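Visitor: I am new to this structure and would like to learn how to read a few of its features. Could you take me through them slowly?

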Amino acid sequence: MKTYKDYGKLYVADVLVIGGGMSGLITALRAKEKNPDLDILVVDKGTIGWSGQATKAGNGIRATAKNEMAIPLAMGYLVNAHTEFMNDQEFLAEYLKVHEDNIEYINELGVKTSYNEDGSVNYFGEIFPHALTAASIEINVCRSLRATALKRGIRLLSRTNVFELLTNDTGKVIGAIGFGMDHAECVIFQAKAIAMATQGCHFKKIGLEFMGYGTGVGAAYRAGAVMRNVEFSTQTDIVFKKNNTPIYGGFNLICNSKGENIKDKYCGPKPLMEVSTELVLGMLEEVKQGNGPIWCDLEHPDEVRKFVGGQDFGPDRMNLDKLAWEKHVFEKTARSFGDVGLKPETTIKMVLQVEPIKVDTEYKTDVDGLWAPGKISTQGCAYFGWTRGDGVGNASTTAMMAGDSIAEYVRTAQQYELNEAQVKAYKEKIYAPYHRESEHHPKEIFDRIERYIFQVDKLLAKSEQSIHEVLRDIEEMKEIVPQLTAEDPHGLAKCLEAADSLLCLEMVFRAADMRKETRGQMYPHYRADYPQHDDKNWLKWINIRQGKDAEMELFTEDIPMWRYPIPPEGYEIPEGHTEEFYVPENPLAAKMMECKKMMESMHM
């Protein structure tokens with residue numbers, strides 16, 4: 001009689017970590033440290049140690065400063081910084097506590113950071129005064145973590161792509177299924193706990209650094225995980241026109257052809273610490289009025305440019321390996337495109353990055369047995385989103401939180417037998433495009449999605465009309481997906497990636513259609529037909545889950561501001577609730593009041 005073991009090669013482990021980048025490896029290492037008896041397997045579609053976003057990092061790693069006002073001050077900054085008041089502030093406070101120790105912890109795992117003669121971490125400066133600090137970090141983060149993982153008995157499986165999660169009859173995640181990227185052999189996994197530490201979905205087919213196709217998001221969604229804040233998936237930046245590289249910290253120095261400062265014209269006199277939607281739209285308006293080209297005055301850098309651009313720190317900001325790599329890249333760019341100079345022409349860059357899996361403060365999803373550390377959940381945890389300078393810090397912090405939880409969970413968890421019918425059905429689904437008689441290929445889907453990267457009315461200044469145009473396009477593409485064909489393992493992966501990229505795109509625009517207001521800076525949800533904040537009606541999270549008949553189900557959840565320390569100005573507690581934070585028995589309340597006075601004195 002046939003069983004699930006006959007459908008592919010079976011791997012059994014206590015803990016399965018899907019994704020061998022920085023967050024995946026640290027999740028495995030942390031769980032192993034807390035529970036040394038665990039059998040942990042890390043699997044990645046690339047080569048573990050040389051894949052993942054951290055292989056492109058090295059500009060620095062951030063941490064919460066270690067003083068009693070650091071967390072209140074950091075919260076005051078982060079709640080307002082990128083996507084105003086969409087944070088889960090209780091989550092944020094817990095995150096920032098663990099974030100204090102993330103640099104020391106990765107040192108213990110063999111990752112090199114800047115250090116003093118006594119071996120302690122050398123913090124090169126404060127990202128935000130008295131709240132957030134940083135150190136430099138080596139470029140070969142994942143190679144160092146790989147070496148430590150092998151020394152500690154963690155098993156690694158490279159070149160294996162996972163596309164579906166397996167569940168039991170109660171909905172608990174108990175395994176996964178995918179195939180090898182070299183020979184397309186089916187691979188099945190059985191585990192007591194699973195961490196989905198893959199990339200989210202980055203619609204960057206045009207060749208930018210960080211690629212992600214949403215396969216981890218799609219697998220978690222189909223297993224029952226809830227998605228959150230997907231409408232805030234557009235990221236904007238200002239870049240050198242010659243090489244598409246961000247002008248770090250140049251936000252206050254952008255001028256039109258007349259020499260007028262665009263930030264002052266559209267955003268007012270207050271300095272910008274980060275990209276502003278008003279600034280980006282102002283740049284577009286100036287070009288529309290014939291006041292282009294737009295350029296950046298790097299001859300007269302302000303304090304933001306000096307700090308964010310790294311001029312204030314020189315070699316302290318990066319380790320020598322990253323400085324050598326940067327020198328190589330800049331010289332190659334200059335040979336190909338010419339020197340950008342001190343008055344470079346600039347433009348805007350828009351990308352979609354969907355990182356929506358909803359998790360709690362232990363990085364557990366709504367599905368039993370499933371965790372989601374790393375960038376796959378930075379919107380869903382309402383942290384909120386990638387904050388410039390905290391990419392690798394976020395990877396390590398989230399992994400520490402998830403690893404602690406997983407280690408404790410597995411002490412009493414049971415290993416469940418897989419369901420043969422489910423394994424069979426998912427294998428058939430995964431391999432369906434292989435040698436299918438069709439003329440449709442994944443490139444057709446990616447090419448259509450890529451167009452949105454260049455369309456401001458679709459990606460940034462959305463309206464009901466433009467949103468519905470995209471949704472109609474999505475429905476047309478959904479008709480093509482079941483016809484995609486592949487001839488080799490790479491092509492087969494692309495067929496499945498195209499389907500999940502399209503799923504993520506649909507999440508973005510269905511949530512954008514629902515949220516009838518404008519909110520957010522670095523991650524703007526901008527509705528041209530609803531251009532104002534609406535705290536009265538939209539202090540809500542939009543959640544998404546797979547409903548009956550596999551239809552996408554959207555529902556809202558009130559943000560419990562009555563429990564939070566930082567409400568928006570004019571906030572009124574809704575009927576049926578009372579103030580729960582600023583009460584005499586809460587020791588944090590006084591610190592938050594002191595923090596508010598400090599920020600007001602700093603004009604923040």
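Guide: Let us begin with exposure: a residue is called buried under 20% relative accessible area, exposed over 50%, and partly exposed in between, using a 1.4 Å probe and protein chains only. Here Glu299 has 42% relative accessibility, so Glu299 counts as partly exposed. This is a predicted model, in which local features need pLDDT of at least 70 and side-chain atom pairs pLDDT 80 or more, while totals for chains, interfaces and linings use all residues. Residues are numbered from 1 along each chain as its sequence is written, and side-chain values use heavy atoms, leaving out hydrogens and water.

Visitor: Which residue forms a salt bridge with Glu299, and where do the two lie?

Guide: A salt bridge is a side-chain nitrogen of Lys or Arg within 4 Å of a carboxyl oxygen of Asp or Glu. Glu299 forms one with Lys343, the closest N and O atoms being 3.7 Å apart. Helices (H or I, at least four residues) and strands (E, at least two) are DSSP runs numbered from the N terminus. Lys343 lies in the loop between helix 10 and strand 16, and Glu299 in the loop between strand 15 and helix 9, so the pair ties together parts 44 residues apart in sequence.

Visitor: Are Lys494 and Glu497 buried or exposed?

Guide: Both Lys494 and Glu497 are buried. Their salt bridge has its closest N and O atoms 3.1 Å apart, and both residues lie in helix 16, 3 residues apart, about one turn of the helix.
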